[in-house]
Amino acid sequence: MSEPRPVHRERDERMTQDAATLAPNDRLQALLDMEKMTLSSQGRAAQSPSERWMRYLGFPGGITAFLLLYYLPAGAGLSGAAQAGMACFALALVWWVTEPFPTYVTSLALMFMLLVTRVSGAKAIMDVLGMEVIWLNLLAFILGAMLVKTRLARRLSLWLVLRFGHSAGLALLAFLLLQMALAPLIPATAARCVMTLPLMLVVAAIYGSTEDAPNAFGKNLMLLNLLGVSVLSSMTMTGSSANLIAVGLIQSMGGHRVYYMDWVRLGAPVAIVTAFLMWFLGQRFLFRIPEAERVPRLAGGLAMVREKYDEMGPLSRAEKKALAIFGLVLFLWMTDIFHLRWFGVEITAPFAALLGAVIVLFPRWGVLQWAEAEIPWHLLIFSAGAYAGGLALDDTGAAEWAVRKLFGSVALDGLPFGVVFTIVVAVMMYSHLLTTSKTVRTIILIPIIITLARTLGWDPLSLALPAALCIDWVVGLPISGKPNVILYATNQYSVGENFRYGIVTCTIGLVILVVSAATWFHWLGITPSFWAVAR
Amino acid sequence: MRALAALLLMLPAAQVGAVEIRSLALRVQTNENGSGRATAVVQIEGAEAGSVVVPTGFPAASNFRLTQAPAGTTLAAQPHNGQTLVRIALPEGASARTSIGFELDVTGVFQRPTPKSGEPEASRPNGRLIFRHALLNTEPATIGTYRFEMLLPDGTRAHAIREALPKLRQAEAGPRAQLDGIDGQPGVWLQVDRLVQGETAVVQVELVPRSRSLAWLLIGVALSLLYLVKFRDLIARAG
């Protein structure tokens, strides 16, 4: 982990050469020149021998996974379509991780496989390209391009670096606090992700992490933001619509009303402690940032950043326009609960962004030409394929079947509460790897958990509410949620790195939840004694 | 004439004022030729002496046999509007809460998928069967709980549940229909609480042969071998 890969060494050498050959001002300019940054559709070249072997064996490996799942005797309750869907998804997952070819090619292959194995119909597969997440992705690139082209992103990033960027750790912390502040204000996780993405890209560039040559800082920055956007949504019950569904189920099925502050007292400490732990562990252990990368990668240091910031002068007319447009979009995102009353219709997050895009691209009054937005279609295709696969798992009942099997395979009767709690919360936490929808997961699992609690003789609230706190912890895979897809599109980290970071995050969260069940939750009267056995 | 017969069949039921079908459980063991033997258990409340009409959802049924009922109970069947209705006549002295069990033979439960207009016959894979069960509650009495179970014919498996109605209501949790092991045999169940008059409970399942074609295995192995040969330069560079 601590050993930099050859790509990093090569890049470091190249950057040293760049720094040597470029004047300091030019060097900073090159880093900040976001207009020249495009999200390449070229596949990343294999670097180390082990990576080459992984690619070589990845292709037959994916096929082997497919064949194994496809031809295994069907379990009771598993439909043929669900089994074939799992086989197709396993094939794609192996190919996405080992990358025998670019991820978008795997997505296209997956869409074809879903059709020919009759897991999904042609219309269902094709319709994915019209899904909300894909539109939001596309509009995010337009709004992001606006912030970049008008240089507003550069100004904000330089300010952020001047204020907090004396070290990589502080810069990361600044983003964590930003996400923490935004989480209770904007329920749409994708919207939060979209509005902070341009800042992430510029700050990553200042610390030497680009799409072509990502470094440990870039990985930490993107994955910490992913955690911030997702996990910090569990601080409040309004953090996502799935949270509210869970609250409704707990009330209607479990007979307990959950108040806003009940949720905050349980969810906020767990989410915040995990976020700070991951901020520390990420940069120190998971993707260790070498000392050389802990400061802005600029010849001239922060003085140069200050000089560049001063050079920008007062806000330009284009920047003010961008600020106003972004402010309007932000306003619509934050006030979505009032839209029905104000406009008679709810302007959802993609449509608020769509309105912003209309103004951005408007002749004369706008700030951008269509060609300047440089929509990376290959990333949208990757997202479409990934979502088609995920939805197939949901629609065929494969995800539900797997979850039921997980609970059904463990005899929980007579076990102490703490053991049951640990199993239930672990299933809830890691089940996000099986489905792309928080809502589907909530609808499937929370009723099962309430029923299970009753059967075992526990208060449904003691298991269902802590389990509901895990709904938003969807950080394991690039397809686990909308922000995941958007951030993965930056090419700053691989599927495997996302998985590693996500699993560590979820495991830490699980441990904190279990410790909380024995202490904090018990003192609040939510959980019984940890070692209590039901009558 | 049939409509008149149906009307007459239903008339006595209408005379039973407070009758309530607490639950109706139907189970059918199907054969690949589309025939099957169904068993039904009806929990009736408030019937006492009189009749109650129970819809079965099967278009063609015969060979009815009571398996559990107070002495003197009689059954009569009548096709009506695409399903068979069963009139249960309870004798004098029957208790207000009664459980009735009966069996029946059903036929034609499967349909072969038909190509859409313009679609060539060959484009449809062989061996697929469609099972559709639709029970319309024609009676004023609400069915408290309706549960339908279908055991799959030997040599088949369910590819997908294509339809399950009515849609889950807001307060309901869990699936409307689900594939499951029923008494150790693969099957599918459908469950509806409070099926009111005019409401239909539907489950449609697509069945395919249990054994899968080996085509994917052959294609997969061939592609893997081809890749390992053609792309061996990937690891050759690693030295």
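1. In chain A, which has 535 residues, 50% of the residues count as buried. The model is a predicted one.

2. The secondary structure of chain A consists of 26 helices, with zero strands. Among the contacts in chain A with a separation of 6 or more, 81% come from residues 24 or more positions apart.

3. Next, the contact between the chains. Chain A puts 24 residues into it and chain B puts in 27 residues. On the side of chain A that touches chain B, at least two residues each come from helix 3 (49-71), helix 4 (80-98) and helix 12 (241-252) of chain A. Helix 3 of chain A gives the most to this side, namely twelve residues. Sorted by class, the side of chain A that touches chain B holds 17 nonpolar residues, five polar ones and two charged ones.

4. Chain B contains an open sheet of seven strands, and their order is 4-7-2-1-10-13-12. The pairing in this sheet is mixed. Strand 4 (61-68) and strand 12 (177-182) of chain B are the edge strands, and each of them pairs on one side only. On average, and with direction ignored, neighbouring strands of the sheet are turned by 20° against each other.

5. Strand 10 (residues 143-151) and strand 13 (residues 185-195) of chain B pair in the antiparallel sense, over eight bridges. Which residue in strand 13 of chain B is the bridge partner of B:Ile143? The partner is B:Leu195.

Technical notes. Residues are numbered from 1 along each chain as its sequence is written. Chains are lettered from A and ligands numbered from 1 in the order in which they are written. This is a predicted model: local features need pLDDT of at least 70, side-chain atom pairs count only at pLDDT 80 or more; totals for chains, interfaces and linings use all residues. Helices (H or I, at least four residues) and strands (E, at least two) are DSSP runs, numbered from the N terminus. A residue is buried if 20 or more other C-beta atoms lie within 10 Å of its own, exposed if 12 or fewer, and partly exposed in between; C-beta atoms are placed from the backbone. Two residues are in contact if their C-beta atoms, placed from the backbone, lie within 7 Å. Ala, Val, Leu, Ile, Met, Phe, Trp, Tyr, Cys and Pro count as nonpolar, Asp, Glu, Lys and Arg as charged, and the others, Gly among them, as polar. Two strands pair if DSSP finds at least two bridges between them. Axes are lines fitted to C-alpha atoms, for helices over the stretch in contact, and angles run from 0 to 180 degrees between N-to-C directions.
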